[in-house]
Amino acid sequence: MKNKYDANRLLLRKNCLITGCGKGLGQATLIAFAAAGASTIYANDIVEGSIEETAEKLRREYGTRIITMYFNVADIGACKDVIVRIKKDIGYIDVLVNNAGVMKDALIGSVSPELIRWQYGVNVFGSMELLQLATKLMLKRRSGSIINLSSIVGLTGNPGQLVYSSTKGAIISMTKTAAKELAPHNIRVNAIAPGMIDTDMMRSVGEKHLKIHLEHIPMGRLGYPEEIADVAVFLASDMSTYLTGQVIAVDGCVLV
């Protein structure tokens, strides 16, 4: 499993927690972090067993210590248990990647309270809880990087995505506020706003809608999960030590 990060090992000795690693952007980020030399990666997903094959390959290839953890980030108690475990295990954390997310489209007239609670529970409340908990460990060392996954629809909105786009907008506001509050403690908080990325979630819209989306991308193609992971590695590394409070759109020039 050769990887472009091998030469630089940008995350050498970093201990990281990444959520939503079972597939898509989270899986790509897990692979990139291991290749970049991360020491220990706590890899989360809600689907039991979904990370094991990837984790085993990465352990063999890079010698990375990968701890798989299966829980719903919307479960506040489970989030607390995980941070307690990390504290007992290694005592601190260098990087948190809040990647876990869910999406289900609905026009305004079809939005239900259950849909709101579900998407906000995972996309916003879970991310906020883990941000708070990870911060407690980072404050003791006066260092850390928190990376929140937003979306370009959190910046632009999108018909049929009232709930989803608002959760991603909330992530942006959370990122900026946390960055201002934590900057004096040398803890950086940034967000990545992916555009249309080639994942199962994106392809679930169907080929007809996918073709329409592609017409609005100046680069003429979907992005790759690895291209989001590239940015996450940069933000997690010491190459971005003066960068905080930023929302980086990785979208093939959609927003320009």
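Helices here are DSSP runs of H or I with at least four residues, strands are runs of E with at least two, and both are numbered from the N terminus.

Before going on, a word on what is loaded. This is a predicted model, in which local features need pLDDT of at least 70 and side-chain atom pairs count only at pLDDT 80 or more, while totals for chains, interfaces and linings use all residues. Residues are numbered from 1 along each chain as its sequence is written, and side-chain values use heavy atoms, with hydrogens and water left out.

**Stop 1: helix α2**

Now step back into the helix and select residues 52–62. Thr54, Ala55, Leu58 and Tyr62 are its buried residues; buried means under 20% relative accessible area, exposed over 50%, and partly exposed in between, with a 1.4 Å probe and protein chains only. These four lie on the same side of α2 because they cover an arc of only 95 degrees around the axis, taken from the directions from the helix axis to the C-beta atoms. An α-helix has 3.6 residues a turn, so residues three or four places apart point the same way. Turn to the other side of α2 to find Glu53 and Arg60, which are exposed.

**Stop 2: Asp45**

Next, pick Asp45 in strand β2 (residues 40–45). With a relative accessible area of 10%, Asp45 is buried. Setting aside neighbours within four places in sequence, its contacts are Gly20, Cys21, Gly22, Ser50, Ile51, Met69, Tyr70 and Phe71.

**Stop 3**

Most residues other than glycine have a negative phi. Arg13 sits in the segment before β1 (15–18) and, at 62% relative accessibility, counts as exposed. Then go to Asn186, where phi is also positive, near 65 degrees. Asn186 belongs to the loop between α6 (162–182) and β6 (187–194), and its relative accessible area of 44% makes it partly exposed.

**Stop 4: Gln246**

Select Gln246 in the loop between α9 (225–236) and β7 (247–250). This residue is partly exposed, at 40% relative accessible area. Not counting residues up to four places away in sequence, Gln246 touches Thr175, Val189, Asn190 and Ala191. Draw a C-alpha to C-alpha distance from Gln246 to Ala191: it comes to 6.2 Å, although they are 55 residues apart in sequence.

**Stop 5: an aromatic pair**

Rings of Phe, Tyr and Trp (its six-membered ring) pair if their centres lie within 6.5 Å; planes under 30 degrees apart count as stacked, over 60 as edge-to-face and the rest as tilted. By this rule there is one aromatic pair. Phe125 is partly exposed, at 45% relative accessibility.

How values were computed
Contact = heavy atoms within 4.5 Å.
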